[in-house]
Amino acid sequence: MPLLGLTADEVLTTTRSVRKRLDFSRPVEPEVIRECLEIALQAPTGGNRQQWHFVVVIDPAQRQALGDIYRRGYGVYRSSVAPRVVDETPRGQTLQRVISSSDYLAAHMHEAPVLLIPCIKGRLEGKSSVEQAGVWGSILPAAWSFMLAARARGLGSVWTTIHLFFEQDAAQLLGIPYEKITQAAMIPVAYTKGVDFSPAQREPLDTVAHWDHW
C-alpha cells in the first residue's frame, strides 16, 4: 500500500479517533495490516520483553459477534454516565459531536472490515499501580505505533475499551486464554473517507505543561 507522503510530525498530529469517517464498504488488504503490525512490533516495551499479542478479526460472523458484545458494553456505559447538558459553546459542540460519533460507531462496529484486539500477557487484577503502569506502558506504545502506521497508509482507527465490560465473553468467542491474557482494547480499522485530517483543538501548552513543579 503506498504511503500518503506525510511527515512524521504530520502523522503524529493528524492521527485522529476516526468513527464516522471509517469507510465500511472498502475491504482492507491483509498485507496492509501485516505491514502495520510489523511496525508495531518495533515499539519499545517495558523490561525489554515482548509480551504482546494481536488478534486480527476479519471474519464477518466474528465481527458481528464482537459488535454485539461492544453494543452490550456501550449500553452499560451509557446508562452509567450521568446525562450531560450540552450547551452551544465550542466545547459543548465538540462534546455533542463526540457523543454522536460514539453512538454511530456502536451501531456500526461490526461493519469495520478489521477489528484489532491488542493483548498483553498476564492479568492485572490485584496489581499495584506501579505494576499496572508497566503493563500498560508496554502494550500502549505498540498499539499506538500500529495506529500511526495505519494513518500513514490511509487507514483510520479508534481506541475503544467498551467491550471490556464483557471481556470474558470476547475471550471465549476468540479463544483467548482469559486467565493468562489481558485484552487492552478493540480497534476498528478501515480506510477513511478522505485523508485530509487536521490537528485537533487542544488546551494551550502553557495550561498543561508544568516545569519543575505543578
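This is a predicted model: local features need pLDDT of at least 70, side-chain atom pairs count only at pLDDT 80 or more; totals for chains, interfaces and linings use all residues.
Colleague: Why are H3 and H6 called roughly antiparallel to each other?

Modeller: The axes of helix H3 (residues 60-80) and helix H6 (residues 167-174) come within 10 Å and cross at roughly 175 degrees. Axes are lines fitted to C-alpha atoms, for helices over the stretch in contact, and angles run from 0 to 180 degrees between N-to-C directions. Angles under 35 degrees count as roughly parallel, over 145 as roughly antiparallel, 65 to 115 as roughly perpendicular and the rest as oblique. H3 and H6 are therefore roughly antiparallel. Helices (H or I, at least four residues) and strands (E, at least two) are DSSP runs, numbered from the N terminus.

Colleague: Which residues of H3 and H6 meet?

Modeller: From H3, Gln62, Ala65, Leu66, Ile69 and Arg72 meet Asp169, Ala170, Leu173 and Leu174 of H6, where contact means heavy atoms within 4.5 Å. By class, this contact of H3 with H6 has 6 nonpolar, 1 polar and 2 charged residues. Ala, Val, Leu, Ile, Met, Phe, Trp, Tyr, Cys and Pro count as nonpolar, Asp, Glu, Lys and Arg as charged, and the others, Gly among them, as polar.

Colleague: What makes phenylalanine 24 count as buried or exposed?

Modeller: Buried means under 20% relative accessible area, exposed over 50%, and partly exposed in between (1.4 Å probe, protein chains only). Phenylalanine 24 has 16% relative accessibility and therefore counts as buried. This residue is found in the loop between helix H1 (8-14) and H2. Leaving aside neighbours within four places in sequence, phenylalanine 24 is in contact with Tyr104, His108, Glu111, Ala112 and Pro113. The C-alpha atoms of phenylalanine 24 and glutamate 111 are separated by 5.7 Å, although the two residues are 87 apart along the chain.

Colleague: How is the aromatic pair of phenylalanine 24 and tyrosine 104 classified, and on what values?

Modeller: Rings of Phe, Tyr and Trp (its six-membered ring) pair if their centres lie within 6.5 Å; planes under 30 degrees apart count as stacked, over 60 as edge-to-face and the rest as tilted. The structure holds 3 aromatic pairs. Phenylalanine 24 and tyrosine 104 lie 6.3 Å centre to centre with 15 degrees between the planes, and the pair is stacked. Phenylalanine 24 lies in the loop between H1 and H2 and tyrosine 104 in helix H4, so the pair ties together parts that are 80 residues apart in sequence. Tyrosine 104, with a relative accessible area of 23%, is partly exposed.

Colleague: How do you know whether aspartate 212 is buried or exposed?

Modeller: Aspartate 212 has 84% relative accessibility and therefore counts as exposed. Aspartate 212 lies in the segment after E5 and has a positive phi of about 75 degrees although it is not a glycine.

Key. Residues are numbered from 1 along each chain as its sequence is written. Side-chain values use heavy atoms; hydrogens and water are left out.
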